[in-house]
Amino acid sequence: KNRAYIVWEYFTDMKIALAECFRVLKSGSNMVVFVGDNRIRKLYLPTHELLNNIACELGFEIDTYFYHQMKNKLLGIPRNHTGGEIQREMATILRKP
């Protein structure tokens, strides 16, 4: 239950953040989002796909996306030892039409 709530809270907060970005961006502007996929209790969570779906629901268009291999895996945010290490991250370029 705790992990499910954390995942729900993350995507809820990201939807609010993306909606605010959409509101303040001018038409024709781009925004880049970097996100690493996760495993929650050994289950793969395609975080980038879910965030891309949320962004499209809000009105963004996906311009392009690509994987970026992480060179420095040290994050400013501490991760629980069960969180694993993010090897690569997805860069998505969103466009406001």
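## Sheet and strand order

Two strands count as paired if DSSP finds at least two bridges between them. In this predicted model, three strands form an open sheet with the order β1-β5-β4, and the pairing is antiparallel. The edges of the sheet are β1, residues 30-35, and β4, residues 61-69, each of which pairs on one side only. On average, neighbouring strands of this sheet are turned by 20° against each other, with direction ignored.

Strands of a sheet pair through backbone hydrogen bonds, in either a parallel or an antiparallel arrangement.

## Strand β5

Strand β5 covers residues 88-95 and stands between β1 and β4 in the strand order. β5 is mostly covered, with six of its eight residues buried.

## Pairing of β1 with β5

Six bridges connect β1 and β5, which pair in the antiparallel sense. Two residue pairs can be named along this pairing. M31 lies opposite L94 in β5, and V33 lies opposite T92 in β5.

## Pairing of β4 with β5

β4 and β5 also run antiparallel, and eight bridges join them. On this side, T64 is placed opposite I93 of β5.

Note on methods:
Residues are numbered from 1 along each chain as its sequence is written. This is a predicted model: local features need pLDDT of at least 70, side-chain atom pairs count only at pLDDT 80 or more; totals for chains, interfaces and linings use all residues. Side-chain values use heavy atoms; hydrogens and water are left out. Helices (H or I, at least four residues) and strands (E, at least two) are DSSP runs, numbered from the N terminus. Axes are lines fitted to C-alpha atoms, for helices over the stretch in contact, and angles run from 0 to 180 degrees between N-to-C directions. Buried means under 20% relative accessible area, exposed over 50%, partly exposed in between (1.4 Å probe, protein chains only).
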